[in-house]
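Q: I would like to learn how to read a structure like this one. Could we go through it feature by feature?

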Amino acid sequence: MVTPCGLLSDKQEPMPLKSVSVSLSINEFVTSVSATLNYENGWKVPLEAAFIFPMDEDSAVYSFEALVDGKRVVAELQDKAKAHRKYENAVCKWRQAFFLEEDVRSRDVFSCNVGSLQPGAKVALTLRYVQELSLEADGALRFVIPTVLNPRYQLSGCTQDSCLNRRIPIVPLEDLSYTLSMVATITSQHGIEQVQCNCPLSPTEYLGDDKTSAQVSLAEGHHYDRDVELLIYYNEVHAPSVAVEMGMPEMKPGCFLGDLSAMLSFYPNIPEAHPPNTCGEFIFLMDRSGSMESPLSNQSRSPLRIEAAKETLILLLKSLPVGCYFNIYGFGSTYEAFFQESVKYTQQTMEEALGRVKRIRADLGGTEILAPLRNIYKAPSIPGHPLQLFVFTDGEVSDTSTVIKEVEINRQKHRCFSFGIGESASTSLIKGIALASKGTSEFITGKDRMQSKALRTLKYSLQPVVEDVSVSWDLPPGLSAKMLSPEPTVIFKGQRLIIYAQLTGVMPPAETTGKVCLKYAFQGKNFEDKVTFSLQPKSDANLTIHRLAAKSFIQTKDMGLTETPASHKSEILNISLESGVISSFTAFIAINKSRNESVQGPLTYLNIIRPFLMRRLLGGVFPPCRHFCSPLARRSVAYCANMTCVDYDYNYYTSMNRKRLNRLAFRENHLIQLVSLQNANGSWDLSEDLAKALDVSLEDIIAAHPTELVDSSGWATILAVIWLHTNVNDLKCEWDLVDRKAVVWVRIHAGRSTILRPVSFPSRRPAIFAERVSLSPSSTTLVQAYSGLAASSSLGRMSVES
């Protein structure tokens with residue numbers, strides 16, 4: 001069933017939430033956030049107002065307070081059950097009270113209740129949290145303020161105790177009665193190169209000549225049509241480091257906030273595997289619920305989620321190694337598998353799967369992910385082929401704890417790589433299932449390409465296992481380290497590894513240093529990453545590292561209010577209360593005791609409206625555009641509330657922009673066409689379809705074919721690979737594995753008999769290909785034949801035009 005949602009009445013009554021203001025303090029790789037919600041009761045009766053909002057799974061909420069009539073009321077973090085009883089008792093007595101909790105079923109959703117808000121009253125609620133910044137593939141540090149919370153699908157048979165089951169009014173974005181403002185201050189000793197955002201920002205203001213400090217703010221008039229995403233580029237992000245933070249001076253040593261905390265950041269330089277893995281069972285679990293018919297984002301020319309998913313599956317299919325096993329599942333209210341069980345990757349099975357991928361639709365209703373997961377896990381393992389599970393979903397599931405627990409139960413038999421698609425994907429679900437199975441998680445929003453992130457993750461899954469991972473410390477006598485993060489067991493090439501520890505014992509003299517070493521084994525070789533760091537701690541009023549360390553500890557044990565083992569509950573409760581970081585078992589409660597009189601009159605309960613991306617749900621299925629636009633045409637349109645096709649921006653369709661759009665569409669579409677024609681062994685056949693993909697006539701290809709040097713398949717494969725390097729080199733991460741298969745096939749097929757020699761060519765791609773397949777020079781060359789063909793066609797000109 002779909003979580004029920006109410007509708008805004010036609011009377012346009014005033015809503016009590018007036019504005020949300022956010023202040024960010026970003027220092028290196030972490031951020032401290034202060035978010036203030038300003039309420040005003042414009043009704044003529046007392047209110048109890050509830051506001052439900054999303055927050056990243058990794059956020060460590062540690063403070064909640066209210067400003068009422070100029071007086072500050074600070075909330076206490078207490079056992080959730082006790083705090084809830086206190087709030088209910090206060091409201092029943094018409095006392096002013098405030099309550100903040102994590103959702104029971106999803107840890108990335110919070111509920112804020114304001115009780116007994118009298119007519120005309122103004123209240124400012126401020127919550128504070130700290131969070132790590134995620135590292136993107138291009139070196140950007142990513143921070144997101146989630147602003148969109150779409151209805152989430154509730155799993156069959158689950159209880160109704162989630163705050164997402166309340167009848168929350170949902171309105172079109174332009175009808176929201178509250179606004180969002182944001183100011184961000186950024187500091188880094190590495191120097192700030194640039195700051196980007198998917199929403200309009202003020203110009204970046206550097207606060208010094210060395211560009212180590214900067215400030216940006218969100219432009220006025222922000223619309224709640226997307227999450228606010230900041231991308232911060234430092235001059236250096238891959239250097240390992242250790243940060244030591246001082247505890248609270250008033251706290252005694254031995255307690256969590258009294259001792260030092262340390263944050264370790266490693267970037268292991270894992271070498272390329274030789275040869276890469278060719279074994280494994282690869283299962284792709286693709287969301288086909290109605291919400292997948294929506295655009296990836298509300299930005300112009302954003303593709304539909306289901307169309308991007310289909311292209312991604314084609315690239316994944318073609319990139320699989322020969323000899324592995326695979327299967328593809330689609331899920332919604334029900335689920336479908338391409339094959340009854342995983343099949344061996346051959347030309348026949350690949351072609352069958354490819355045909356079915358092209359017919360995929362977002363036509364399976366809701367988002368029942370638990371049933372297909374259980375079906376996958378109950379299948380017997382294939383000896384010598386470890387299971388690698390890829391989950392693609394927009395994450396609109398309310399009961400994330402049950403799904404994460406199912407993945408965690410089966411963590412020994414697989415790794416799960418998860419992808420959150422579009423705005424409002426549940427960070428709790430996406431990050432939770434990856435963390436539970438030692439996989440990785442990715443989010444596809446804004447201008448992100450699902451294809452790029454999925455193929456990069458496939459490379460991770462093909463890496464041989466990094467073994468014997470350990471962390472060792474070299475500290476002065478009397479000082480010891482206690483790990484708060486779990487011992488790392490999985491390391492992937494190109495990813496950051498963050499570890500938290502508590503330092504206890506006798507503080508050494510100033511200028512004393514410590515050492516920490518990350519050790520691991522890879523393909524029979526031992527590696528070490530060592531860092532020397534100062535033991536002179538830095539003070540931070542927000543205790544950022546302490547709070548993040550507490551959150552890391554809580555995340556590893558907290559499976560939700562109903563799913564957490566009893567043995568872990570007391571540990572979670574103790575560390576939560578001691579650190580002040582909220583958990584499934586704690587909540588913030590504040591009662592305004594300064595008011596001598598109670599609020600008079602009956603109390604009206606009101607849920608605050610929340611923004612909703614513009615799409616309408618009809619019986620669980622999102623209707624298609626009435627104009628029956630093709631997938632390519634839909635990339636250039638936005639969707640109104642009726643899902644009617646309308647031009648997004650007339651000015652975009654100038655002749656210059658149309659030409660640019662055509663070039664981009666040509667490259668992306670021809671890439672998919674070309675890759676879809678590759679055989680399972682890595683080769684291409686010489687055919688009319690190949691000629692169309694290359695945008696060259698088959699007659700020209702045959703005329704340029706040096707038959708004395710290579711057969712037709714070899715010639716076709718060489719042309720295809722050089723076209724990739726020449727025309728879509730900026731998308732190499734999407735076809736790199738396809739290219740590797742082709743090069744291996746050429747080496748095996750042609751041996752050293754095929755001869756290439758570099759010639760004058762704009763991009764030198766043919767010469768590079770010749771070097772990669774280790775072929776020797778000759779006066780008569782395939783490259784010359786290619787160059788002659790390219791000169792008379794568009795085959796080699798696209799990169800010049802682009």
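Q: In what order do the strands of the open sheet of 4 strands lie?
A: The general idea first: strands of a sheet pair through backbone hydrogen bonds, either parallel or antiparallel. Here the order is S18-S19-S29-S28, with antiparallel pairing. Strands are DSSP runs of E with at least two residues, helices are runs of H or I with at least four, and both are numbered from the N terminus. Two strands count as paired if DSSP finds at least two bridges between them.

Q: Which strands stand at the edges of this sheet?
A: Strand S18 (241-245) and strand S28 (479-483) do; each has a single partner strand, so one side of each is left without a neighbour in the sheet. Neighbouring strands of this sheet are turned by 30° against each other on average, direction ignored. Such angles are taken between axes, which are lines fitted to C-alpha atoms (for helices over the stretch in contact), and run from 0 to 180 degrees between N-to-C directions.

Q: Before we go on, what kind of model is this?
A: This is a predicted model, in which local features need pLDDT of at least 70 and side-chain atom pairs count only at pLDDT 80 or more, while totals for chains, interfaces and linings use all residues. Residues are numbered from 1 along each chain as its sequence is written, and side-chain values use heavy atoms, with hydrogens and water left out.

Q: How many bridges pair S18 with strand S19?
A: S18 and strand S19 (residues 260-266) pair over 5 bridges in the antiparallel sense. To find the place on screen, look for Ser241, which stands opposite Ser265 in S19.

Q: Which strands does helix H8 lie across?
A: Helix H8 (residues 544-557) lies across S18, S19 and strand S29 (497-505). The helix runs at about 75° to S19.

Q: What is the order of strands in the open sheet of 3 strands?
A: That sheet reads S27-S30-S31, again with antiparallel pairing. Strand S27 (467-474) and strand S31 (525-534) are at its edges, each with a single partner strand, so one side of each has no neighbour in the sheet. The twist averages 15° from one strand to the next. S27 is joined to strand S30 (residues 513-522) by 6 bridges, and the two run antiparallel. Trp473 stands opposite Val516 in S30.

Q: How many residues of strand S3 are buried?
A: Buried means under 20% relative accessible area, exposed over 50% and partly exposed in between, with a 1.4 Å probe and protein chains only. In strand S3 (residues 47-54), 8 of the 8 residues are buried, so the strand is largely enclosed by the rest of the structure. Leu47, Ala49, Phe51 and Phe53 point one way from S3, Glu48, Ala50, Ile52 and Pro54 point the other way, and all are buried. S3 is joined by 7 bridges to strand S8 (residues 109-117), and the two run antiparallel. Ala50 has Asn113 in S8 as its bridge partner.

Q: What about helices: at what angle do H2 and H3 pack?
A: Helix H2 (residues 305-319) and helix H3 (residues 347-357) pack at about 175°, with their axes 10 Å apart. H2 and H3 are therefore roughly antiparallel to each other; that label is for angles over 145 degrees, while under 35 is roughly parallel, 65 to 115 roughly perpendicular and the rest oblique. On the H2 side, the contact includes Lys310, Leu313 and Leu317; on the H3 side, residues including Met350 and Leu354. Contact means heavy atoms within 4.5 Å.

Q: How far apart are the end C-alpha atoms of helix H14?
A: The expected span is 1.5 Å times one less than the number of residues. For the 16 residues of helix H14 (residues 712-727) that should be 22 Å, and the end C-alpha atoms are 22 Å apart, which agrees. H14 is mostly covered, with 15 of its 16 residues buried. Ile718 is found in this helix and counts as buried at 3% relative accessibility.

Q: Where does Gln96 lie?
A: Gln96 lies in the loop between helix H1 (80-92) and strand S7 (97-102). This residue is buried, with a relative accessible area of 3%.
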